[in-house]
Amino acid sequence: MLIAIAASADATPEVGFSVLAALLLFIAASVWLGSLAQKAMEKKDFMQGFFLGNRGLGAWALALTATVQSGGTFMGFPSMVYSFGWIVTVWIGSYMIVPLTGFAVVGKRLAQLSRQTNAVTVPDLLRERFGDARVGLLASLLIMTFLSFTMFAQFKAGATIMKHAWPGSGPLALSEDFDSSTKDAGSADVVTLAGWLPESPKYYIGLLVFSVTVVGYTLIGGFLASVWTDLFQSVMMVIGVMLLVCLAVPMAGGLEQASQNAIAATSPSIAFGPGYSTDGREFLTPGLALSMFFVWVFAGFASPASMVRVMAAQNTEVMRKSIFLLSCYNCLIYIPLIMTCIAARTLLPNLKKPDEVIPLLSLKVTEGFPFETGQFVSGLIMAAPFGAIMASVSCFVLVIASGLVEDIYAKYINRNATEAQLRRATTISMVAVGFVAILANLNPPKYLQALVVLSGSAGAATFIAPVLMACYWRRATALGALAGMLSGFLVYFGIYSCGWAQNWATANPKLAIAGRILSFLGPDPLIGPTGLFRPYYILGVDPIIWGLAASILGGIGVSLLTRPLSPELVKRFFDIRPATPQVQN
Amino acid sequence: MTHENEHPLLKSARKEAIAALSIWLVVVTYCVWYCSTYGYMHPDRARYPSSRDPASLTYIFGFPDWIFWGIVIPWLVCTIVSGLFAFFFMKDEDLDN
């Protein structure tokens with residue numbers, strides 16, 4: 001998910017070199033882990049090693065990286081808590097059960113199917129399971145589309161963090177709606193390079209450094225590099241959160257006092273649902289709360305990035321341990337972070353940009369530290385979201401490249417590719433992806449971020465039916481899988497884009513077409529988060545509910561209407577293999 | 001729809017999937033119900049009939065009471081249940097056969 005940084009001229013403390021030093025440390029550590037990963041990849045089979053780590057993921061790696069959640073934690077979550085109050089606990093609440101559902105619903109079967117089909121990617125697995133190349137192709141195209149948008153936005157975020165990390169830029173703000181056309185009030189070098197490159201040179205240097213680093217270490221170390229850096233970043237995050245909560249809450253006078261201060265500063269609604277609001281929007285209605293209990297859970301097990309991790313698990317014992325490890329980890333991250341941000345209302349009472357809460361809080365709580373360690377510690381805390389971005393980008397670059405190489409190159413362009421050719425194709429794909437990402441971010445579009453938010457839910461709505469059917473339903477057919485994917489995807493996007501139309505019409509009420517749109521869709525219901533790219537709420541719930549339903553109905557309905565798969569194919573995946581094993585590919 | 005030749009992993013995976021989703025269903029129902037009933041304060045009492053009086057808010061270990069009973073306690077219970085599920089209910093299966 002996207003984090004972008006904006007410089008603020010109002011707030012006082014300067015970051016100095018600490019953040020830049022911390023970022024460079026992260027980068028160096030990641031490159032080092034990448035080279036370790038390369039050595040660890042046994043030279044057995046290039047594809048299995050590079051894209052799946054030879055299925056050797058242990059419990060810690062699986063636990064802390066499988067649900068790819070780290071990328072989103074520092075995103076808008078702290079600023080949401082600061083802005084809306086305790087109700088955000090309900091918004092994030094379903095994470096209490098995500099570890100269990102994340103592994104127990106499809107984990108074992110995906111790991112087994114992945115071995116039975118020798119699949120390295122999710123489209124691979126679906127294609128083999130349903131015996132139809134079209135299923136794999138559609139899955140591949142959809143995955144690459146979702147992930148590309150997310151990924152391009154992350155490149156922009158990474159570059160922007162680096163730009164603002166240069167000393168003298170003023171403190172960092174973790175802003176969701178960073179407007180790239182605003183000039184940094186504090187920076188002196190707002191020199192635009194040529195007419196059509198609107199950003200400062202620092203941004204482009206940051207973009208280059210970020211891209212080269214992430215694509216670089218992922219290229220060197222493959223899947224394992226991506227997993228290990230993600231693991232490293234997850235550990236840094238929990239350390240950061242623990243530091244913050246142990247410093248900030250006592251400073252605010254304890255948790256109860258912090259809440260009371262927050263109420264005094266705003267209104268009692270900060271301690272209740274639907275949340276504190278300055279503009280009459282209800283942040284989390286019961287309908288939206290219900291929706292969020294679907295979003296995190298289903299995106300947690302049905303999104304492509306999570307599925308790939310599970311496919312790489314060593315064995316089922318590792319999965320079981322991961323459930324427990326991840327449950328404990330979640331307890332240490334989310335609730336403490338909420339406590340911290342409630343305390344922030346006491347320590348930083350008049351924050352104009354709530355997105356600045358974590359950076360400014362880190363500086364504030366480390367003020368008393370001796371010998372300048374405070375600056376360094378706060379630099380590490382502020383660099384944690386950077387690590388999260390790097391981890392997400394690495395994962396997405398890998399999944400996209402695996403799609404390009406395994407599902408397209410090896411299947412359609414060069415069927416008998418040698419290992420050397422596969423390696424070259426992989427290198428070319430990854431470099432190409434990085435290059436396209438840089439191009440996409442030369443003139444960074446402003447609202448790619450909205451598409452980012454969609455991608456987890458969109459992935460879930462698209463893949464829920466195919467994945468469940470692949471794992472558990474004999475009667476599922478290839479056309480059913482295709483239908484499940486298309487109906488989920490189209491319904492989800494269809495409903496979501498009605499929201500864009502509605503918001504646009506609300507913002508431009510004078511146009512005639514706006515009036516027609518609003519009379520058809522209805523006026524803005526004033527629920528949900530602020531921002532221009534809200535979804536359209538049917539019956540007050542998030543589109544994911546309709547997307548999931550459409551996917552399941554489409555998948556089941558079309559499967560029952562079409563001819564079943566051949567019994568041999570079904571037997572291969574559902575029954576015990578006969579004593580004399582048939583020849584596998 | 002059980003077939004005699006069904007792979008044992010499939011049997012246990014299916015059972016565990018149903019169990020996990022059932023637990024999820026219980027969690028959703030309880031948390032959303034509890035928080036909707038005890039956690040909302042809204043001037044529009046027609047929409048929120050159980051709207052709370054802000055003066056009635058109490059704190060348990062620093063958390064607002066409805067957050068404590070509606071999210072924090074369920075979270076701890078889920079962590080324990082997840083552990084029990086993982087170590088006593090889920091079966092290990094050979095993935096390669």
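I began with the contact between the two chains, which takes 49 residues from chain B and 48 residues from chain A, counting two residues as in contact if their C-beta atoms, placed from the backbone, lie within 7 Å. On the side of chain B that touches chain A, α1 (8–38), β2 (63–64) and α2 (65–89) each supply at least two residues, and the largest share, 16 residues, comes from α1(B). Helices (H or I, at least four residues) and strands (E, at least two) are DSSP runs, numbered from the N terminus. Sorted by class, this side of chain B has 31 nonpolar, 11 polar and 7 charged residues; here Ala, Val, Leu, Ile, Met, Phe, Trp, Tyr, Cys and Pro count as nonpolar, Asp, Glu, Lys and Arg as charged, and the others, Gly among them, as polar.

I noted the conventions before going on. This is a predicted model, in which local features need pLDDT of at least 70 and side-chain atom pairs count only at pLDDT 80 or more, while totals for chains, interfaces and linings use all residues. Residues are numbered from 1 along each chain as its sequence is written, and chains are lettered from A and ligands numbered from 1 in the order in which they are written.

Next I looked up chain A as a whole, and found 23 helices and 2 strands. Among contacts in chain A between residues at least 6 apart in sequence, 82% join residues at least 24 apart.

I then turned to the largest nonpolar core, which has 222 residues, with A:A248, A:F298, A:I342, A:V397 and A:I464 making the most contacts inside it; such a core is a set of buried Ala, Val, Leu, Ile, Met, Phe, Trp, Tyr and Cys residues joined through C-beta atoms within 7 Å. Helix α17 (residues 373–413) of chain A gives the largest share of this core, 22 residues. For A:I464, leaving aside neighbours within four places in sequence, I listed contacts with A:F298, A:A302, A:G488, A:L548, A:S551 and A:I552.

Which way do α11(A) and α18(A) run relative to each other? The axes of α11 (residues 201–251) and α18 (residues 419–440) of chain A, as lines fitted to C-alpha atoms over the stretch in contact, come within 10 Å and cross at roughly 160°, the angle running from 0 to 180 degrees between N-to-C directions. The two helices are therefore roughly antiparallel, given that angles under 35 degrees count as roughly parallel, over 145 as roughly antiparallel, 65 to 115 as roughly perpendicular and the rest as oblique. The residues of their contact divide into 7 nonpolar, 4 polar and no charged.

I compared this with helix α12 (residues 255–265) and helix α15 (residues 316–347) of chain A, which pack at an angle of about 50° with their axes 8 Å apart and are therefore oblique to each other. On the α15(A) side the contact includes A:I342 and A:R345, and on the α12(A) side A:L255 and A:N261 are among the residues. By class, this contact has 7 nonpolar, 3 polar and 1 charged residues.

My last entry concerns α20 (residues 478–507) and α21 (residues 512–521) of chain A, whose axes come within 9 Å and cross at roughly 130°, which makes α20(A) oblique to α21(A).

Notes. A residue is buried if 20 or more other C-beta atoms lie within 10 Å of its own, exposed if 12 or fewer, and partly exposed in between; C-beta atoms are placed from the backbone.
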